[in-house]
Amino acid sequence: MDERLLEKIRELKEKRNAVILAHNYQPGEIQDVADFTGDSLGLSINASQTKAEVIVFCGVRFMAETAAILSPGKTVLLPAKDAGCPMADMITAEQLRKLKAENPGALVVCYVNSSADVKAESDYCCTSANAVELVKSLPEDGRIIFVPDQHLGRFVQDETGRDMVLWPGYCATHVVITEADIKNVKERHPEAIVMVHPECSEPVKDLADQILSTGQMLKFVEASTAGRFVVGTEIGIIHALKKQRPDAEFIAASDRAVCPDMKRISPDKLLSSLEEMKFRVTVPEEIRARAKKALDRMVEVLPSQ
């Protein structure tokens, strides 16, 4: 990043009493200028615990909404107005209400990769890291509706043996990683440890050595003595992995695993966001309060997550 641009961002950040958050899938230069990097929920929790008045979330809309849910007294900005999440858009609150009516008595677990409206209709929220443990903590005799990602949901179902209704949503970036991609990279690098995200398809997960969230990948690599890893998730995380283990080699499972929405934020847009205080993301109080309950319930049953 240009040093003058970087200095302007730093000056405005101080002037606005702002904190900059960057998701693990953001471009490397955005990750490097951020105060915190990580997964979406972890970042929102980080921001809620700071004294910053402004949260600049370098990610996508549902992440900025989550920050607004957890920090109602702070101004939340999303530097790219059009940074959305196709998977989060695959289910609406109205569709979830209909699904609940079709499955009376079922508990609703929604993946954090969902809109505030959908969170508000849910009983529990979860992350890819704690979805299995959360579902295990729920009453064994009850049915569970899991939205919106069918692949994470199927992974949870396989791990827990629970009776689950899965919504047919998916992450377009993760499903482009194919069984053939994994077989090819394993053939070229048989000694490499293959890590894939639970949002990947079932044939891909079946070939993996480790099925991990982005945060879990970082922890696993840090503790591992291995020198080569295949990374089956959005390629932006490789920047963080290299910073953590410069001695190791990281190979993308597929060069096609690029989320266009995660790449919409540039240094210029970040600067413009701080200069003009745009684009503000808000959640109506009635929706915010209900959505926060789903997040709070997750923390209550999984205090260590």
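Start by selecting Lys 100, which counts as partly exposed because its relative accessibility is 29%; here buried means under 20% relative accessible area, exposed means over 50%, and partly exposed is in between, using a 1.4 Å probe and protein chains only. Keep in mind that you're looking at a predicted model, where local features need pLDDT of at least 70, side-chain atom pairs count only at pLDDT 80 or more, and totals for chains, interfaces and linings use all residues. Residues are numbered from 1 along each chain as its sequence is written, and side-chain values use heavy atoms, with hydrogens and water left out.

Glu 121 and Lys 100 form a salt bridge, their closest N and O atoms being 3.2 Å apart. The term salt bridge stands for a side-chain nitrogen of Lys or Arg within 4 Å of a carboxyl oxygen of Asp or Glu. Lys 100 lies in helix H5 (residues 93-102) and Glu 121 in the loop between helix H6 (116-120) and strand E6 (124-126), so this pair ties together parts that are 21 residues apart in sequence. The labels come from DSSP runs numbered from the N terminus: helices are H or I with at least four residues, strands are E with at least two. Is Glu 121 buried or exposed? Glu 121 counts as buried, because its relative accessibility is 10%.

Next stop: Arg 228 and Glu 249. Their side chains meet in a salt bridge of 2.7 Å, N to O. The pair links distant parts of the chain, with Arg 228 in strand E11 (residues 228-232) and Glu 249 in strand E12 (residues 249-252), 21 residues apart. Arg 228 is partly exposed at 26% relative accessibility, and Glu 249 is partly exposed at 33%.

Then jump to Lys 243, which has a salt bridge to Asp 32 with the closest N and O atoms 3.0 Å apart. These two link distant parts of the chain: Lys 243 is in helix H12 (residues 237-244) and Asp 32 in helix H2 (residues 28-33), 211 residues apart. Lys 243 counts as exposed at 54% relative accessibility, while Asp 32 is partly exposed at 45%. How many salt bridges does the structure hold? It holds 23.

Time for a strand. Select E1 (residues 18-23): six of its six residues are buried, so E1 is largely enclosed by the rest of the structure. Ala 18, Ile 20 and Ala 22 cover one side, and Val 19, Leu 21 and His 23 the other. Show strand E3 (residues 54-58) too; E1 and E3 run parallel and are joined by five bridges (strands pair if DSSP finds at least two bridges between them). Look for Ala 22 opposite Cys 58 in E3. E1 also runs parallel to strand E2 (residues 36-38), with three bridges joining them, and His 23 has Gly 38 of E2 as its bridge partner. From E1 the chain crosses through H2 to E2 in a right-handed β-α-β crossover: with the strands pointing away from the viewer, the path from the first strand over the helix to the second runs clockwise.
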